[in-house]
Amino acid sequence: MSVTEPTVQIVDDDPSFLAAASRLLRASGFAVKTFSSASDFLAQHDTDAPGCVLADLQMPGMNGLDLQSALARTCNPLPILFLTGHGDIPSSVRAMRGGAVDFLEKRAPKENLLDAVRRALARDAREREERARQRELRARFDALSERELEVLSHVVQGRLNKQIASDLGIHERTVKLHRTAITTKLGVQSVAELTRLTLEAGIFEASATTFPKGQ
């Protein structure tokens, strides 16, 4: 699979600002795409493409905060930072609470903008790596049978094989076989590592499934 270059997506209804900002960022070594409205950007947005969004706060139709909310609902939400000529405290508070990387006035020094873009791209790389890790973990746990998941839920609570067998109404030897299958499928050696991996995957946030005794 080809690697897509991280791109700064600039969204602003002011053509002169789009031209100036894109020129500055390209001269600083960034890949750039420009859009005159939030709706245009969303219509063409590839959720798998890495990068960040540099958006104006006040735009006709969908404004910057609306765009931030729309991005947050995607499977790979791009970090967003705001540049505006009409900043106000309530908007900046809402933007930052929504996870914005920064909220800058358009008159801010160029280096402040470049620094914010670097931080946004670094955050995107970190978050994508974490989401990839979570998907890989989920795939490993998805390989477990329902019964193996139930045995696992007892193991990470520190239950002994004999106790698990009694709780589930199965033979202790069967518990051992399930534990061997679990550690093999998950690629772990110890209970401590198994517990850490289970917590990282967050697979027992919902109620555990129960089975009739003897199965």
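This is a predicted model: local features need pLDDT of at least 70, side-chain atom pairs count only at pLDDT 80 or more; totals for chains, interfaces and linings use all residues.
**Exercise 1. Work out the order of the strands in the open sheet, and say which strands stand at the edges.**

Solution. 
- Step 1. The open sheet has 5 strands, in the order S2-S1-S3-S4-S5, with parallel pairing.
- Step 2. S2 (31-35) and S5 (103-105) are the edge strands; each has a single partner strand, so one side of each has no neighbour in the sheet.
- Step 3. On average, neighbouring strands are turned by 20 degrees against each other, direction ignored.

**Exercise 2. Follow the bridges from S1 through S3 and S4 to S5.**

Solution. 
- Step 1. Start with S1 and S3: they are parallel and share 5 bridges. Here Gln 9 stands opposite Val 53 of S3.
- Step 2. Move on to S3 and S4: 4 bridges join these parallel strands. Ala 55 has Phe 82 in S4 as its bridge partner.
- Step 3. Trace the chain between these two strands. From S3 the chain passes through helix H3 (residues 64-72) to S4, a right-handed β-α-β crossover.
- Step 4. Finish with S4 and S5, which run parallel and are joined by 3 bridges. Phe 82 now pairs with Phe 103 in S5.

**Exercise 3. Sort the residues of S3 by the way they point: are they buried or exposed?**

Solution. 
- Step 1. Recall the rule: in a regular strand, side chains alternate between the two faces of the sheet.
- Step 2. Gly 51, Val 53 and Ala 55 point one way. Cys 52, Leu 54 and Asp 56 point the other way.
- Step 3. Check the cover. Buried means under 20% relative accessible area. By that cut-off, 6 of the 6 residues in S3 are buried.

**Exercise 4. Describe the largest nonpolar core: how many residues does it have, and which element gives the largest share?**

Solution. 
- Step 1. This core has 20 residues. Among those with the most contacts inside it are Val 8, Phe 30, Leu 54 and Val 117.
- Step 2. The elements that give two or more residues are S1 (7-11), H1 (15-27), S3 (51-56), S4 (80-84) and H5 (110-142).
- Step 3. H5 gives the largest share, 6 residues.
- Step 4. Zoom in on Leu 54. Beyond its neighbours within four places in sequence, Leu 54 contacts residues including Val 8, Leu 25, Leu 81 and Leu 113.
- Step 5. Another core, of 18 residues, lies apart from this one; among its members are Val 155, Ile 164, Ile 182 and Leu 194.

How values were computed
Residues are numbered from 1 along each chain as its sequence is written. Side-chain values use heavy atoms; hydrogens and water are left out. A nonpolar core is a set of buried Ala, Val, Leu, Ile, Met, Phe, Trp, Tyr and Cys residues joined through side-chain atoms within 4.5 Å. Buried means under 20% relative accessible area, exposed over 50%, partly exposed in between (1.4 Å probe, protein chains only). Contact means heavy atoms within 4.5 Å. Two strands pair if DSSP finds at least two bridges between them. A crossover is right-handed if, with the strands pointing away from the viewer, the path from the first strand over the helix to the second runs clockwise. Axes are lines fitted to C-alpha atoms, for helices over the stretch in contact, and angles run from 0 to 180 degrees between N-to-C directions.
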